[in-house]
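Visitor: I am new to this structure and would be grateful for a close look at a single part. Please begin with a pair of packed helices and then follow the neighbouring topics in order.

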Amino acid sequence: MRRIVLGCAAGLVLAASTWSTAAAAIKVGAIFAVTGPASFLGGPEARSAEMAVARINREGGINGEQVELIVKDSAGSPEKAVSFAKQLIEEERVVAIIGPSTSGESMAVKKIAEDGRTVLISCAAAEVIVDPVARYVFKTPQKDSFAARKIFAEMQRQSITTIAVASGNDGFGKAGKEQLEKLAPEFSIRLALSETYDSKATDLSALVAKMKANPAIQAVVNWSVAPAQAIIAKNMRQANWRVPLFQSHGFGNIRYAEAAGAAAEGIIFPCGLLLVAESLPDEHPQKALLMQYKTEYETLHKEQASAFGGYAYDALNMVAAAVRSAGTDRARVRDAVEGLKNFPGVGGVFSFSPEDHNGLDIDSFAMMTVKDGRFILYQEQ
């Protein structure tokens, strides 16, 4: 658990215990898996949110008030996330919460946010976080149904008709598995095998052997977060099984590819445009923001920017925009977030409505692949 105060005068990150000047007037809570198995998500998210707050405060804050970001490290635990959400709402009286990092955590705190009438902008991907719509709950990652549709459309183009699905047993994996199973018939794709595995598994060779034993299987979709994204790729390569491997939008951090090494080459996955920001035309509505975020993050943190950090960056900027227009009353902040239209973000151009608390369309995704250890746009073969 961390409490971060960012001062506008020097743009510095200071521990609250050393902050002796005027306290920040606008409190924003954040719940991220900064440590633990989901730290590939939560680490970039925390750093991105802190970076956004530092920029806002350097520029004078919101309506002349400084912003205090209170970051809680859940380590990916739904139980911790629930406890932290209650603290942030009841004790800290935050104006909004961004995060959590994972779908399971987000589903666990969804009711807490609703009961506490406090905006929650989740940085997790599962569609069930916002479907059905909950009045105070939003999310910034693209819909997993969009990811499934992009994957299936590419399979259809390649004349792939029979596949295997492997998914983690966490909230993200379960939600993705449901979307894949529901949407496959629409694309005339048959799931010959649909298996769930322990998300904490360190070896999936038995599952790979089971899938490989069915000669009808033409491709595999793996829907999970670390460490399984790298493990299944390595196990397939070790088994000399060369069918195409598709991953979900959860693959959008280069560290996953690095963990898989040579086995990552050729993996196909949908993701937001941050990974290919340089190649976008200058007039693209996201390009300026994408390049600004990418350049600032990579200069400050000496690591490649990821889609995950972008989810938190967008969430923080949405809260800032809402408070700027509506003040700090929680109900009015909720209305202002829901009223955001054509809002450029790292994940896409958002337009919320009472019926849509994700606010993105399928064009917020592009198909990517790994080539020579780098993410590039997937070119039709």
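Guide: The axes of helix H1 (residues 39-58) and helix H10 (residues 307-326) approach to within 7 Å and cross at roughly 35°. Helices here are DSSP runs of H or I with at least four residues, and strands are runs of E with at least two, numbered from the N terminus. Axes are lines fitted to C-alpha atoms, for helices over the stretch in contact, and angles run from 0 to 180 degrees between N-to-C directions. The model is predicted: local features need pLDDT of at least 70 and side-chain atom pairs count only at pLDDT 80 or more, while totals for chains, interfaces and linings use all residues. Residues are numbered from 1 along each chain as its sequence is written, and side-chain values use heavy atoms, with hydrogens and water left out.

The crossing of H1 and H10 is right-handed, meaning that the near helix is turned clockwise from the far one by less than a right angle. Among the residues of H1 that meet H10 are Phe-40, Leu-41, Ala-52 and Ile-56; on the side of H10, the contact includes Tyr-311, Leu-316, Ala-320 and Arg-324. Contact here means heavy atoms within 4.5 Å. By class, the contact of H1 with H10 has 14 nonpolar, four polar and three charged residues. Ala, Val, Leu, Ile, Met, Phe, Trp, Tyr, Cys and Pro count as nonpolar, Asp, Glu, Lys and Arg as charged, and the others, Gly among them, as polar.

From Ala-320 in H10, one may turn to Val-333, which lies in helix H11 (residues 330-338). Val-333 and Ala-320 are 13 residues apart in sequence, and their C-alpha atoms are 9.4 Å apart in space. With a relative accessible area of 0%, Val-333 is buried; buried means under 20% relative accessible area, exposed over 50%, and partly exposed in between (1.4 Å probe, protein chains only). Apart from neighbours within four places in sequence, the contacts of Val-333 include Val-95, Val-119, Ala-322, Val-323 and Ala-326.

At the other helix of the pair, Asn-63 is found in the loop between H1 and strand E4 (67-73). Its phi is near 50°, a positive value in a residue other than glycine. Most residues other than glycine have a negative phi. Asn-63 counts as exposed because its relative accessibility is 54%, whereas Val-333 is buried.
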